[in-house]
Amino acid sequence: MDQYLGLVNRLIPKPPAPAVIGIDIGTSSIKAVELASGGLEIRRWAIEPLNGNDAKEALKRIAERLQFTNQLLFSAVFGKGTLIRYVDLPRMSLDELRKAYVFDLDKYFPFDPKSIYTDCSILDPEGKDKKMMVLLAAVKREIVDDRLKLFKEAGLELSGATINSIATANAFNRLGPPVTASGKAKAVLDIGGSASCLMIFKDASPRFARDIFVGGQELTKKIANMMGVDTAQAETLKRQPGDKLGQIIEACDMPINNLITEIRLSLDYFVTEKNIQVDELFLSGGGCLLKGIESVFEKNLNLPVKIWNPISKVRLNAKTADKNIESYASQFGVALGLGL
Ligand SMILES: Nc1ncnc2c1ncn2[C@@H]1O[C@H](COP(=O)(O)OP(=O)(O)OP(=O)(O)O)[C@@H](O)[C@H]1O
Ligand SMILES: [Mg+2]
């Protein structure tokens, strides 16, 4: 009977899978991207600055620009109240894991189990000693509930939510540099507006993630203070420094150094704990658009540092997608990972 039903199921034509839109609601801007099924073609994309805190209005504008109809909408949350754990567990199927890990939530997360949403994923099904590496994620319920409410108030329905670094991991896995057999790990630093997220990948699979609360907005503030201009002028100077680049980099010295110190601590911890060297750092997020920032990181971390362009492996639909995505490319890692 099962075989018969399986055959019938295969013969009935299926409706095409709806397209997916990844919506990254950052503190500085909302980035959204619609991927055609299969994922490697951008149908439409949009970026909307967040003026003040009015995410609902910005979300409505995005919905208009991307012509939302029946697409599935995915979004991500980050920061305090979100947590990822990497644990070694005895090998089992994903179904068995889903049933088992929920009994030990208080062991993995410093939150009341009733106050969180959680999920899990098997990263390395054939780890050492009959074990497997598992990623466990938890988010405080109110954070996800607020996100659902925001979508609802904008007249939209959210199909799924995850954590920023997991979305970036999806994107880096599919759209990152090719995996080499070096045995070394690669790090990605997403420099956003309010915070930066450091992630470490082994063979394109995530092994470490941490939020560091230094981002582009702090750089703008420092530029404003040091150069005696207001925040809007400082933001313009940061984006188009012209012959003032030296002064701007100097003004940003303290927050960038704080970021570098935190990265160094995390890389040292990772090497000590996992015995895996990190041999390259990729920068993403709007903050990495500051001219010359990669050489400041490179000099101080003694590591090759590159800007990651997550759209280099995706096509732009010639009819529907605006061509001008290149200058925002580094900001689209999270949205693309959500779409994927
Ligand atoms: N050309 C540029 N040069 C320098 N900085 C830039 C440039 N364009 C954008 N930024 C900075 O990038 C930051 C926004 O980046 P991004 O869109 O990745 O942040 P976000 O996702 O909204 O924030 P978060 O991830 O912290 O929630 C802002 O601080 C902005 O000043
Ligand atoms: Mg961001």
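Predicted model: local features only at pLDDT ≥ 70, side-chain atom pairs only at ≥ 80, totals over all residues.
Gln233 sits in helix α8. Thr220 is 13 residues away from Gln233 in sequence, and the C-alpha atoms of the two are 9.1 Å apart in space.

Helix α8 (231-239) also turns up around the largest pocket, as one of the elements that give two or more residues to its lining. The space in this pocket comes to about 1000 Å³. Its lining is made up of 44 residues, and those closest to the pocket's centre are Ser28, Ser29, Arg239, Gly286 and Gln331. Besides α8, the elements that supply at least two lining residues are the strands β2 (29-35), β3 (41-49), β9 and β10, along with the helices α7 (216-227) and α12 (333-339).

Next comes ligand 1, which has 22 residues around it. Thr27, Ser28, Lys31, Glu235 and Lys238 are the closest of these. Some of the ligand's atoms can be paired with particular protein atoms. An N or O atom in the side chain of Lys31 lies 2.8 Å from an oxygen atom of ligand 1. On the backbone side, a polar atom of Gly286 is 2.8 Å from an oxygen atom of the ligand, while a nitrogen atom of ligand 1 is 3.5 Å from a backbone N or O atom of Leu289.

Lys31 has a partner within the protein too: its side chain and that of Ser29 are joined by a polar contact of 3.1 Å. Ser29 belongs to strand β2 and is buried, at a relative accessible area of 7%. Setting aside neighbours within four places in sequence, Ser29 touches Asp24, Ile47, Glu48, Pro49, Leu50 and Gln331.

Asp24, one of those contacts of Ser29, is found in strand β1 (residues 20-25). Its relative accessible area is 6%, so Asp24 counts as buried. Again leaving out neighbours within four places in sequence, the contacts of Asp24 are Ser29, Ile30, Lys31, Asn164, Gln331, Val334, Ala335 and Leu338.

Three cavities of 30 Å³ or more show up in a search of the whole structure, and the largest cavity holds about 110 Å³ of space. Of the 13 residues lining that cavity, Val179, Thr180, Lys186, Asp203 and Ala204 lie nearest its centre. Two elements, β9 (185-191) and β10 (196-202), each give two or more residues to this lining. Sorted by type, the cavity lining has seven nonpolar, four charged and two polar residues.

Ala204 has a backbone detail of its own: its phi is near 65 degrees, a positive value in a residue other than glycine. Ala204 sits in the loop between β10 and β11 (205-212) and is buried, with a relative accessible area of 10%. Asn275, also not a glycine, has a positive phi of about 60 degrees. Asn275 lies in the loop between α10 (253-274) and β12 (278-284). Its relative accessibility is 69%, so Asn275 counts as exposed.

Key: Residues numbered from 1 in each chain as written. Chains lettered and ligands numbered in written order. Heavy atoms only, no water. 1 Å grid on protein atoms, 1.4 Å probe; cavity = no way out; pocket = protein on both sides within 12 Å on 5 of 7 lines; lining within 4 Å. Points joined across faces, edges and corners; volume = space filled by probe spheres on them. Helix = DSSP H or I, 4+ residues; strand = E, 2+ residues; numbered from the N terminus. Nonpolar A, V, L, I, M, F, W, Y, C, P; charged D, E, K, R; others polar. Buried < 20%, exposed > 50% of the residue type's maximum accessible area, 1.4 Å probe, protein only. Contact = heavy atoms within 4.5 Å. Near = heavy atom within 4 Å. Polar contact = N/O pair within 3.5 Å; in protein donor to acceptor, adjacent residues only side chain to side chain.
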